[in-house]
Every structure is written in structure tokens, then in C-alpha cells.
Amino acid sequence: MNTLFWVLTGALAYSAVAMWLRNEGVLPDAIRVSGPVLTLRTLRGRAFLDRLAAPKRLWRAVANLGLGGALVAMVGSFALILSSAMSAFSNAQPSAIQQPQNFLIIPGVNDFLPLSVAPEIVAGLGAAMVIHEGAHGLLCRVEGIDIESMGLVFFALLPVGAFVEPDEEATQTVSRGARARMFAAGVTANTVLTVVVFALLFGPVVGAISPAAGYAVGEVNPGSPAAAADLSQGDRIVEVAGTPIETSEEFDAATAGAGDSVALTVDDGDARETLTVDRELQVVGSAGGNALGVTVEESPVTIAAVNGERVATESGFFDAVGGEERATLTVTGNASVLEPVRDAPGAENASGVEPGGGEAAVTVPDVPVGAYVVGVQEGGPLHDEGAELGQPLTVVSVDGERVVDNGALSAVLGDREPGETVPVAVYDADGERETYDVELDPHPNRDGGFIGVSVFPGTSGLALDDVGVTEYPAGAYLELLGGEGGEGAGDGLALGGVTDSPLGLVFVALILPLGSLFGLPFNFAGFTGDLTNFFVVEGPLAALGGGTFLLANLLFWSGWINIQLALFNCLPAFPLDGGRILRMVAEAAVSRTPVSDRHAAVRTITVSSGLVMLAGLIAMIFGNQILTALGLI
């Protein structure tokens, strides 16, 4: 049973107990219960709001600015909901963010909000709601509107809202502008608080955090040599064969020069120990149509030999290939996984290879070894010379230089100038070799030439790994938050250039928890759990130790929650603030028209907007399920 089931079960149990206490008269009058929803009402704090409301001109000026921003956000949110709804109906497979549980800001239920950050999210949510409703109360007093009550709303024990109830008669007596400012005050306050907490986060707090030296293990592949040696997510590799390392580049260089067994010194945050990793060359990813026909699934696939020579490392693989363009590969793994490999031309059961229990070994001859092209760009240099669209190719040389993988192809083209004509040797899907004389275009992302292809990251359509760990890009994520991640930390991240402005930093902070949807290797949930092992605190905040990470998490999630709450409340649907502001705008617009029944016209505008928003939200969440039920996909 999933987490959502237990949450709903707990909410039902809580509702039963709370309603029994209410019926027995145990709860005070200030507490009201309606199912799992509990409201705590009070008038305390009204005197404080009266004192705070004294500089009325200041608060009106701030509220007017906020009202303008809210109107822009209303239009933007309306367009976003409609476009997202249309996208949900047009996509056969919904993205992870469109799953119903991911619309709930509940850690452990929402796939993007881990349970480890629940305290920070709850604290941020509580602060956001108090600030939001407190701002409504403040503008009520600024505009002379009396307050009947105010308080907090809980879903079970979780604070999910706050409220201020203005006196309805007093509200109708003030001007339309005063009411609009009051309704926009909550969104304005949340936006101001977001600016404040993100300024603290991006400035002194993140500025005090640096990436720790070593290779940050973000993930360990199941069944890999690293898993067999008991490496774990959150470990930091600080030495390879006794040689200290500080960066992933140094780790790659050190392991490339090590033997089939390598000693790794690991820091798990509490102690250091040295583990011996017995390496084997595993296929950890594959492109469709690769020469082996292999598809990577749960069971690992291992390249055991090249041209009959046993290999255990990636460097050993390329040494065994040598200068040849083709090689005979011996692949071992689960017998059922290797069934497609047996269909490769010339494939046969391997002899002289002793795989483990339950495994099989298959030898495939004449496999082209090079950079694997998964897409030829229409109208690009290679296509202009006759390469077919949609046909996989393996590039084995450029201008006479041997190309063994995507990195070698990038290096060769990086040394060539746009406009040069170079011979490009490729093997097609049938294993036929052909050479194209290609005039290079400028590369769209870096210096050097471009032949107009998309290349799979690996060799021959296979991503190889001989240790079994994936790096957590601690420095890159720190740089995305405005910190110093180290030289080259953000290279290769599509979001790297966005952080050049304060608004860009806010945008990145909002999407980092959803990082996997934007091409990032991991979702960022803050400096929490094992991730703290990848960072160190320096400067004046070093005295706080781990408290700096807690402060950073509070600021990060407070800013994230506040801006989400502000944007949600800008939706032009009643009873949200955006719906109330829309009514004020509609009343002002209709009052200038010759319509006889102005009240009906305003009601039509607001109700229609609310229904469109509701339909859009339903489509976003359940669009795929609706299409499936109707048999349209």
C-alpha cells in the first residue's frame, strides 16, 4: 500500500476523533471541526495590526505595486493553465509532474518532495500562510475595514491555511480600489517574503557553502562492482589507489590508469574506510538499433572480452580495440536479456568464457566501434552529402583521425574550423562502410566544426561503466543557487546561463526540486540527509556547523512555498484572491458599458473564468486518464 493510502486513512481516523470530541463538548468554542479540517479562530493580534497599519500611505503604495503584479500573474496563470491542459490531452504519456499526488505539497506523498524535508516545508508553509492572511488583515485596517475573526486552518495536524474574515458590510462601503488592494495584499506579502528569503539564501548563506573535495556518489548502480564493494549513495570517494582526488575529472583520470581491482578510500561523513572494487565493464545504457541489439534492463550486461582478450575496464576495452574500426565483442549476462544479442549477424555462444551462475555468454563479430549517431540533422552537412534521415550511423574516423566514442568525435571536430571539408567515415545499420566529404558548419554550442548529427554518449550506442557510480553534481547545483561551485562546475548544464540575473536565480530555485524534468541528473531537495556530506561550510557561518544547512533549507523551502502560494492565489477563480480581483476588474469594466444588468454581466465573467480554471486543472491532473477511459489513446 502506498503512502497516500496511509495519509487518507490517518485523516479519516483523525476526523472521527475530532468530531467525537466536538460532539462531546470537549473542544473550546474557538476550535471548529468539519471532517478532517479544523479551524482555530481568534481576535488576538487585531490591536497589533492597528498599530502596524499607521503608515497608511506606505502600505497603499506597496499594495498598489502588488496589485499590478497580481494582475500580470493572473493573465499569465490563466494562459499557463490552458496551455498545460492542452498539453495534457495531446501527450500520450503524462509526465511525472502530472500525477495526481504530485499536485499535493505533502512530503513523502509528492514524488518530488522527500519526507526528509517535511519540517522545513511545514515551517515554510506555516510562515507563508500567516504572512499571507496577516497582510489581508493589515490592509483591512489600512482601509478602515473591521475584522470579524482570523485564525489558522489545519488538515488533520498539518497547517494548510490561514484566514482573515473582514466585515462584509464594511467591505462593501469602501472603494473598489481599496477592496482590490486588500485582496492583493496576501500575494504581495508572499512575493516580498520570497525576495527577502532568497536574497539571504543566494547571498551570505550559499556563499558560505562550498563543494567538498572528492567524488560525490549520487547513485550506485544495482549489480555493479561498486554495489558489490558496499559503496553507498552519499559516500564521497577521496582517494583512488592511495592517490588523493578532489574532482570528478581527477577520479576519472585515476581510475582510467588503475588496474582491474582498485582501492577506493571512501568518506561517509562519519569515518573513512578503504574498499576494494573488482571492476567489470558493464553496459549501463543503450541506444535503439545498436549493433549488439542489447537493451539495458534491471539485469546488468557485461562486455567480458574484445577480440578474445579479457577486459574489465573502459581503457582496457579501447586498448584491445586498438586502431581497428571493428571488433569482436563477447557479452555476458542473464540468458533472457541476451536473447536479442543472439540475433545479431554472426552472433554465437561464446567458448572459453565462464560466466556466473544463471548467466550466458554470446560473441558478436565485426561490431563497428565509434561514435554512434542517433539522428542526422535535416539540411545539415552530413545530410547534404547523402546521409539518410532516421538511419543510425557509427562514425569511425574524421579527417583520418580515429574516432572511438562521442568524446573523441567532439575532440576532433573541436580542432577543425567551420568551412573546412573533411572526410567522415561511417558504418550504416547494415555494416556497410561509406565515406562522406563534409563541409563543416559552425558548432551551435562551442568552438569548432559541426557535421549535423546527434550523438549517443558512449561508444557504438553503448554507455559503458567499469565502477558503477554516478556523480552527484554538488558544485553545479551550488553554482545554480548563486554559489561558487568550482571551475567548470556548471559546464554541460542547460540551466547554467539562466543564473546570470536575480530573476534567473529565483526561477532555477523553483525548478530544482523538479530537476529531472528539466534534464538535470537529480532532483534537488536542499542540503539534507546524505547530501550534506558533499558540502562544507566556510567563513563566519562555519561556527554554525550543520546549522548552516538547516538555515539554507528553511530559506530555500520558505521561498519555494511562498512563491507557489502567491502564484496559486493569482488564479482568476473564486474564492482565490485572483478571483476576487477579477471581480473588481470586471465591475470596473462593466460599469463603463451600457449593459442593463451589470451584476449579471460581472457574475457571468467571474463564473466563466472559474469554470475554465477548474476544467483546466482537471485536464492537467486527469487528462491522460480521461483519454484512456474514452479509448482515445
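Good morning. A search of the whole structure finds 12 salt bridges. Please keep in mind that the model before you is predicted.

Let us begin with Arg 179 and Glu 587. Their side chains meet in a salt bridge, with a nitrogen-to-oxygen distance of 4.0 Å. Which parts of the chain does this pair link? Arg 179 belongs to helix 6, residues 176–207, while Glu 587 belongs to helix 16, residues 577–590. The two partners are 408 residues apart, so the bridge links distant parts of the chain. Arg 179 counts as buried, because its relative accessibility is 9% and the limit for that term is under 20%.

The next pair is Asp 267 with Arg 272. Their closest N and O atoms are 3.5 Å apart. Is Asp 267 buried or exposed? With 11% relative accessibility, Asp 267 counts as buried. Arg 272, on the other hand, has a relative accessible area of 52% and is therefore exposed, the cut-off being over 50%.

I now come to Asp 466 and Arg 279, whose side chains form a salt bridge at 3.1 Å, N to O. Where do these residues lie? Asp 466 is in the loop between strand 25 (462–465) and strand 26 (469–471), and Arg 279 is in the loop between strand 10 (272–278) and strand 11 (282–286). The pair therefore ties together parts that are 187 residues apart in sequence. Asp 466 is buried, at 9% relative accessible area, and Arg 279 is buried as well, at 4%.

Salt bridges may also join into a network. Here, Arg 60, Glu 143 and Arg 181 are linked in this way.

Finally, I turn to the backbone. Ala 241 is not a glycine, yet its phi is positive, at about 55°. Ala 241 sits in the loop between strand 7 (236–240) and strand 8 (243–244). With a relative accessible area of 53%, Ala 241 is exposed.

Asn 307 likewise has a positive phi of about 55° without being a glycine. Its place is the loop between strand 12 (301–306) and strand 13 (309–310). How accessible is Asn 307? Its relative accessibility is 40%, so Asn 307 counts as partly exposed.

Thank you for your attention.

Note on methods: Residues numbered from 1 in each chain as written. Predicted model: local features only at pLDDT ≥ 70, side-chain atom pairs only at ≥ 80, totals over all residues. Heavy atoms only, no water. Helix = DSSP H or I, 4+ residues; strand = E, 2+ residues; numbered from the N terminus. Buried < 20%, exposed > 50% of the residue type's maximum accessible area, 1.4 Å probe, protein only.
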